Amino acid sequence: MFSNISFFCFSILLYSKVREPQVMLEVGSSWLRDQTNKSLPEYGLLLELYLSHVLLPLGRFEGAEELVRGCDVFDSEQQLAFLGTICESRCQWTQQEEMHLAAEEQQDAATESVLGALSQKLLTMLTLLRRALRSMSSHFCLLPYKKMLLATFLLYLVVVRLDPGTVLRV
């Protein structure tokens, strides 16, 4: 049977393994800040697990520093070691953020170039369509007025009057 501390330790490791450390954020914080738990011999181990598997992966560096500085369980060497680890994690986090931003900028630039090419093709197609319509309109202007009227009337008869629904009613 698990004790309360073993269960807490297991929960931290489980949620960090499935990449959901934020689930343990509030629970772990309240458990670690409780004065009655600070006297437990396993408190240092749990604090270390909470720092390395919950706070640091979430980028909560200030909270991690506060916990380490306010902890009476660690001696000064251990505190310095943990603060160094927090600093290293912060640097790695910053580098990853910069790389992520650079990748997003590259993706945005690629998207802009694709959209630019598509807009250029669309503009070319619209120009060709405008030329074709201008050519057709100049051709229709050359036709005599009576022929144009007759063609419009025949088109009306074909489209509107020869509707299968109207033929069946007759």
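How many residues apart are Arg69 and Glu65 in helix α4? The two are 4 residues apart, and therefore separated by about one helical turn. In this predicted model, their side chains meet in a salt bridge. Arg69 is exposed, with a relative accessible area of 55%, whereas Glu65 counts as buried at 17% relative accessibility.

The count of salt bridges comes to 3.

| Salt bridge | Distance, N to O |
|---|---|
| Glu65 with Arg90 | 3.3 Å |
| Glu62 with Arg90 | 3.6 Å |
| Arg69 with Glu65 | 3.9 Å |

Glu65 lies in helix α4 and Arg90 in helix α5, so this pair ties together parts that are 25 residues apart in sequence. Through shared partners, the salt bridges join Glu62, Glu65, Arg69 and Arg90 into one network. Glu62 of helix α4 and Arg90 of helix α5 (residues 76-142) are 28 residues apart. Arg90 itself is partly exposed, with a relative accessible area of 28%.

Helix α4 also packs against helix α3. The axes of α3 (residues 43-58) and α4 (residues 61-69) come within 10 Å and cross at roughly 170 degrees, which makes the two helices roughly antiparallel. On the α3 side, Leu47, Tyr50, Leu51, Leu55 and Leu56 take part; they meet Phe61, Gly63, Ala64, Leu67 and Val68 of α4. By class, this contact has 9 nonpolar residues, 1 polar residue and no charged ones.

The buried residues of α4 include Phe61, Ala64, Glu65, Leu67 and Val68. These residues lie on the same side of α4 because they cover an arc of only 160 degrees around its axis. Glu66 and Arg69, both exposed, are on the face turned away from that buried side.

Conventions: Residues numbered from 1 in each chain as written. Predicted model: local features only at pLDDT ≥ 70, side-chain atom pairs only at ≥ 80, totals over all residues. Heavy atoms only, no water. Axes fitted to C-alpha atoms, helices over the stretch in contact; angles between N-to-C directions. Parallel < 35°, antiparallel > 145°, perpendicular 65-115°, else oblique. Contact = heavy atoms within 4.5 Å. Nonpolar A, V, L, I, M, F, W, Y, C, P; charged D, E, K, R; others polar. Buried < 20%, exposed > 50% of the residue type's maximum accessible area, 1.4 Å probe, protein only. Arc of directions from axis to C-beta. Salt bridge = Lys/Arg side-chain N within 4 Å of Asp/Glu carboxyl O.
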